[in-house]
Amino acid sequence: MPTPKGYSLGQIRLHWIVALLLVPQFILHDTIKADFIAIGKGEAISFSPLLAAHIFGGIALLLLMIWRLALRARRGAPRPPADEPAALQAVAKAVHVALYAILLLLPLSGLFAWFGHVNAAAQFHELMKLPLLALVGLHVLGALYHQFVLKNGLIERMKRAG
Ligand code: HEM
Ligand code: HEM
């Protein structure tokens, strides 16, 4: 895989669009949850914009993550900053890999739950909520550590194409 000097504009835009789209997925899930339970009991449900928002938002996130991975495979990603301690590099890499994996598995399990009526998929979907939040928290803490403790301007790498 090539090692460019920085992320491309496409990679940067996708990073921030995904981060933004995740917010409503976490706030607006009550409707789909209630509808999912109602369907399980054999009750009828009616269309609602909040239901559509969770389904289409989730599908958009899945497609954007696949696009991100394809871009990364073709263009690569920059090396970690030179002053980043080796242990921190390993943690950052593990968090990135886990974020990619969970953001593929979450929408896929949602699709299996909703369209395939697979209860195990629904349980998995619900179970993944906290690990995702924890990973995002760790990731943001890491970015802030770079910014304010190491002061190496890492966040610039996700703002300016290189
Ligand atoms: C990255 C994308 C997604 C995220 C972050 C996400 C997040 C969530 C969250 C936080 C809940 C509430 C869990 C709870 O507290 O019980 C939920 C519920 C649900 N979501 Fe998603 N979702 C995503 C994509 C999808 C997709 C594509 C579908 C497919 C239609 C879907 C279907 C469902 C269903 C059926 C429920 C209710 C059942 C359950 O709780 O597992 N989700 N989702
Ligand atoms: C305020 C919020 C956020 C900040 C400040 C931030 C910052 C950054 C920075 C600076 C990098 C580049 C790291 C490097 O060059 O080594 C990065 C990469 C990354 N971020 Fe974030 N991020 C945020 C939110 C998120 C969210 C919500 C996700 C979840 C999808 C995420 C997923 C990733 C991933 C997977 C990478 C690795 C990209 C790659 O190398 O392919 N970030 N982030």
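User: Taking helices as DSSP runs of H or I with at least four residues, strands as runs of E with at least two, and numbering from the N terminus, how do the elements of the chain run?

Analyst: This is a predicted model. From the N terminus on, the order is α-α-α-α-α-α. That comes to six helices and zero strands.

User: What does the C-alpha trace span along its principal axes?

Analyst: About 60 × 25 × 25 Å.

User: And how much of the chain is buried?

Analyst: Buried residues are 13% of the 162 in the chain. As for contacts with a separation of 6 or more, 74% are between residues 24 or more positions apart.

User: Ligands next. Which residues are closest to ligand 1?

Analyst: Gln-25, His-29, Gly-58, Gly-110 and Trp-114, out of 23 residues that surround ligand 1.

User: Which helix gives the most to that shell?

Analyst: α4, with seven residues. At least two residues each come from α1 (9-27), α2 (30-40), α3 (49-75), α4 (86-116) and α5 (119-127).

User: How does the shell around ligand 1 divide by class?

Analyst: There are 14 nonpolar, six polar and three charged residues.

User: Now ligand 2. What comes nearest?

Analyst: Ala-19, Ala-77, Ala-143, Arg-157 and Met-158, among 20 residues around ligand 2. The elements giving two or more residues to this shell are α1, α4 and α6. By class the shell around ligand 2 has 15 nonpolar, three polar and two charged residues.

User: α4 keeps turning up. What span should α4 have, and how far apart are its end C-alpha atoms?

Analyst: α4 has 31 residues, so at 1.5 Å a residue it should span 45 Å; the end C-alpha atoms are 44 Å apart, which agrees.

User: Which residues in α4 are buried?

Analyst: Ala-92, Leu-103, Leu-106, Pro-107, Ser-109, Gly-110, Ala-113 and Trp-114. What covers the buried residues of α4 includes α2, α3, α5 and α6 (129-150). Of those buried residues, Gly-110 and Trp-114 are also among the closest to ligand 1.

User: Back to α5. How do the axes of α4 and α5 cross?

Analyst: The two axes come within 8 Å and cross at roughly 145 degrees. The crossing of α4 and α5 is left-handed.

User: Which residues meet there?

Analyst: From α4, Leu-106, Ser-109, Gly-110, Phe-112, Ala-113 and Gly-116; from α5, Ala-121, Ala-122, Phe-124 and His-125. By class, this contact of α4 with α5 has six nonpolar, four polar and no charged residues.

User: Gln-123, then: buried or exposed?

Analyst: Gln-123 sits in helix α5. Gln-123 is exposed, because 12 other C-beta atoms lie within 10 Å and exposed means 12 or fewer. The C-alpha atoms of Gln-123 and Ser-109 are separated by 8.8 Å, with the two residues 14 apart along the chain.

User: What is phi for His-117?

Analyst: Near 55 degrees, a positive value in a residue other than glycine. His-117 lies in the loop between α4 and α5, just after α4. With 12 C-beta neighbours inside 10 Å, His-117 therefore counts as exposed.

User: And Lys-151, where is that found?

Analyst: In the segment after α6. Lys-151 has a positive phi of about 50 degrees, although not a glycine.

User: Why does Lys-151 count as exposed?

Analyst: Because Lys-151 has 9 other C-beta atoms within 10 Å, and the cut-off for exposed is 12 or fewer.

Technical notes:
Residues numbered from 1 in each chain as written. Chains lettered and ligands numbered in written order. Predicted model: local features only at pLDDT ≥ 70, side-chain atom pairs only at ≥ 80, totals over all residues. Near = placed C-beta within 6 Å. Nonpolar A, V, L, I, M, F, W, Y, C, P; charged D, E, K, R; others polar. Buried ≥ 20, exposed ≤ 12 C-beta atoms within 10 Å, placed from the backbone. Contact = placed C-beta atoms within 7 Å. Expected span 1.5 Å × (residues − 1). Axes fitted to C-alpha atoms, helices over the stretch in contact; angles between N-to-C directions. Left-handed = near helix turned anticlockwise from the far one by under 90°.
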